[in-house]
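Take a look at the fold before reading on.

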Amino acid sequence: AFQTPDKLSRPRRKSDAQFELSPSTNSTVQSPVVPQEEEIMSPADKWKRQREGILKKLPPGVDPKAAKQILNEVVVQGDEVHWSDIAGLEVAKSALRETVVYPFLRPDLFKGLREPARGMLLFGPPGTGKTMLARAVATESKSTFFSISASSLTSKWLGESEKLVRALFALAKVLAPSIIFVDEIDSLLTQRSGRGDHESTLRIKTEFLIQWSDLQRAAAGREVEGVDANASRVLVLAATNLPWAIDEAARRRFVRRQYIPLPEPETRAMQIKTLLKQQKHTLTDADIETLVGLTDGFSGSDITALAKDAAMGPLRSVGDALLHMSMDEIRPIELSDFVASLSTIRPSVSKSSIKKYEDWAKEFGERG
Ligand code: ADP
């Protein structure tokens, strides 16, 4: 076993390290800061102290500069997403609950045959809620959320990337339970790269796969020293709009591959209703049905863009006068505002590419 019995019987909660991570939490868990001193420190200073505490727990060989960069730019804090914020995608949500949330909250139940997968791929057209799902998983499983775009590793951070990848996995273990969310994973695990930076891209890819394998091995209980004991509570969640660009060996490492399709009519209706909830509007259920009919082929983000544009309708109709009008004088949003916006906001995903996703899902994925 890779955890001590006393750890297993303890109710699951955020690790102590994670409590230290958030600048807004304090004192209930031992922290490197002495209470009296803490009271007079600014939040920025507190966070600096906490960060130092986290950095001290890193194993040797991890570049401190890279680790700081990960803590500052990759760890996502605040602005939580919950399941209920995401319209539809019930199959994907339950797959994620079973694969990540429950195992993270009750690791004692998920052993042996029930050992959860260490990686899950979310694939589908852009703007369908993949990022939202990953964020909700982190919230619901009380995990530290690391969010990185693979293309930034191969562009913005090129040169530093291998160090960053090592720091990323090391910090994920220190701050476990952790979700490492890698967006645009295709650009990292690509089949081939025709670009000039081929060699360095290949090195980052290799480092990523090594770190990920180490994690899987450690999670299987074969290496149990130090923070590696936390490996079973680190999961790589990856998203892609180009699943076919991922090479075969890398694809096979994602035991679970979840298709995140365009929203069904009832999901579009649900999302439109949610978006209108806080707004003054006159749309009836019949109007929403009409809208659902007019938004065939729209992604979740297209629907959001449409609703935002339609919400501007009442303001556009009054022009400069809005500067002197009270809130009550602005008319409610109407179906006609949506219809007008439909002339500029069009579906971002073509019918032919949908076919490509469906085919790939049939061959390699699970439907969501
Ligand atoms: P992806 O990662 O699949 O490209 P995101 O999760 O980033 O898409 O979604 C982009 C935006 O579109 C979200 O911020 C949200 O406003 C909207 N959106 C997409 N899918 C949904 C959904 N299922 N429910 C609610 N909003 C959604």
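Two strands count as paired if DSSP finds at least two bridges between them. Keep that cut-off in mind for the strand partners below. The model is predicted.

Start with β2, residues 119–123. On one side, β2 pairs with β5 in the parallel sense, over 5 bridges. β5 covers residues 234–240. β2 is also joined to β6, residues 256–259, by 4 bridges, and these two strands run parallel as well. L122 shows both pairings. Its bridge partner in β6 is Q258. In β5, L122 stands opposite A239.

How many of the residues of β2 are buried? The count is 5 of the 5, so β2 is largely enclosed by the rest of the structure. The side chains split into two sets. G119, L121 and F123 point one way from the strand, while M120 and L122 point the other way. Both sets are buried.

Now move to helix α7, which spans residues 130–140. Here 8 of the 11 residues are buried, so α7 too is largely enclosed by the rest of the structure. The buried residues are K130, L133, A134, R135, A136, V137, A138 and E140. Charged residues are therefore among them, including K130, R135 and E140, since Lys, Arg and Glu count as charged.

What covers the buried residues of α7? The cover includes one helix, α6 (90–105), and the strands β2, β3 (144–149), β4 (178–183) and β5. Just after α7, the backbone of K142 takes a positive phi of about 55°.

Which elements each supply at least two residues of the shell around the ligand? They are α7 and α14, the latter made of residues 300–316. The shell holds 16 residues, and the closest are G129, K130, T131, G300 and S301. K130 is also one of the buried residues of α7. By class, the shell has 6 nonpolar, 9 polar and 1 charged residues.

Finally, step back to the whole protein chain. It contains 16 helices and 6 strands. Of its 368 residues, 39% are buried.

Technical notes:
Residues are numbered from 1 along each chain as its sequence is written. This is a predicted model: local features need pLDDT of at least 70, side-chain atom pairs count only at pLDDT 80 or more; totals for chains, interfaces and linings use all residues. A residue is buried if 20 or more other C-beta atoms lie within 10 Å of its own, exposed if 12 or fewer, and partly exposed in between; C-beta atoms are placed from the backbone. Two residues are in contact if their C-beta atoms, placed from the backbone, lie within 7 Å. A residue is near a molecule or strand if its C-beta atom, placed from the backbone, lies within 6 Å of it.
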